[in-house]
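Here is a short note to read beside the model. Please follow the points in order.

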Amino acid sequence: MNLNDCYNFNDFRKLAKKKLPAPIFHYIDGGSDDEVTLNRNTNAFNDCDLVPNILASVGEPDLSTTIFGKKIDMPLFLSPCAMQSLYTPEGDKASARAAEKHGTMYSMSTMASFSIEEVAEISNCPKLFQLYVHKDQSITDDLIDRCRAANFDGLCLTVDTLVAGNRERDHRTGFTTPPKLTLESLLSFAMRPEWVFKYLTNKKFELANIKNKTDKGTNIAKSVIDYINEQYDPAMNWKDAEYCIKRWNGPFALKGVMSVDDAKRAIDIGCTAIMISNHGGRQLDGSRSPFDQVKAISDAVGDKLEIILDGGVRRGTHVLKALAAGAKACSFGKMFLFSLGAGGQLGVERVLQNMHDEIRRNMILMGCKNLSELNSNRVVYRKKGKVIKKIRYKKN
């Protein structure tokens, strides 16, 4: 199996599983607790149906939209994801280059493997930075100021990771950053010699954006969960978010909004966007899926915010359903991370091309010339809880 055989999420996942050591693969693949929310994130899209219009003379549909003040060529972009050099040595650089090639947005995590400045230098695509509020405010301030200096286009503050979720797969596999050999992981690493060779012969693992502010940037002997619990401020509040917005003074989103009330409050403190997200099912298990909440939030805030659905997207039809429910764009993480692990930059380019083709094809099949025609009339929600009586046949 190679990249040319990858047409969907499961294909990229299978290829990544063949190439990545088990602790690395399961860090991408897993969720928290019983992984109910992880699975719900995608299954939720099946609770509604698309309604196409015929004979609409679509021609070539316009897939472009504008988010964070920047036009992108399709309504889907890369979610901010940490430590991408674990999947391929080029990490964030590979993702940013692939995003630029396909005319979409790249998002950088605070916990990226390359720095704000390094990625800004090699890519001209629209760029979003994902911020966390640290206990040491100087770290937060430094990240905001460096993003401004590097001409990033927007910031998003992740608000659903005050403490790390209970990611039991990571406990079982012994996942740490940087990776280390344990009795549990030894065989897995030994069976992936290509990954081990690349890891040992390329740039040393580090959290490039924070390495000069805390030794945790280069000396992480424990898990990413320990880093989150030690460094992020669990007392973060609305005033902290408002402080970040004012210091940045540009397009700004809260990432992790899941309720109507929080969406309304985001407007009050000056947000221009929200990312409806549950952190890929990696935090509060048993919570709603992002798609479950899009319509209610869209109905409440209208066009006062750019609404971005983050989580569970695996098909072009998922993007269309999200937009019809009220989102302006979608972002995705797991799928592009699997493609990154499966084939580096070429893998991300392939998954973006696949998704672009799916969105375009399904826009034509829906009879939509542009994204604005994907409105509430184009989806019908299935009724839940309806009891279907069984028909009993009498024996002759």
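Is the crossing of α14 and α15 left-handed or right-handed?

1. The crossing of α14 and α15 is right-handed. A crossing counts as right-handed if the near helix is turned clockwise from the far one by less than a right angle, and as left-handed if anticlockwise. Helices (H or I, at least four residues) and strands (E, at least two) are DSSP runs, numbered from the N terminus.

2. This is a predicted model: local features need pLDDT of at least 70, side-chain atom pairs count only at pLDDT 80 or more, and totals for chains, interfaces and linings use all residues. Residues are numbered from 1 along each chain as its sequence is written, and side-chain values use heavy atoms, leaving out hydrogens and water.

3. Helix α14 spans residues 316-325 and helix α15 residues 334-366. They pack at about 60°, with axes 8 Å apart. Axes are lines fitted to C-alpha atoms, for helices over the stretch in contact, and angles run from 0 to 180 degrees between N-to-C directions. That angle makes α14 oblique to α15. Oblique covers what is left after under 35 degrees (roughly parallel), over 145 (roughly antiparallel) and 65 to 115 (roughly perpendicular).

4. Gly316, Thr317, Val319 and Leu320 in α14 contact residues of α15, including Met355 and Met366. Contact means heavy atoms within 4.5 Å.

5. Thr104 lies in the loop between α4 and β5. Thr104 is buried because its relative accessibility is 0%. Buried means under 20% relative accessible area, exposed over 50%, partly exposed in between (1.4 Å probe, protein chains only).

6. Six of the eight residues of α2 are buried, so this helix is largely enclosed by the rest of the structure. Among them are Pro23 and Phe25.
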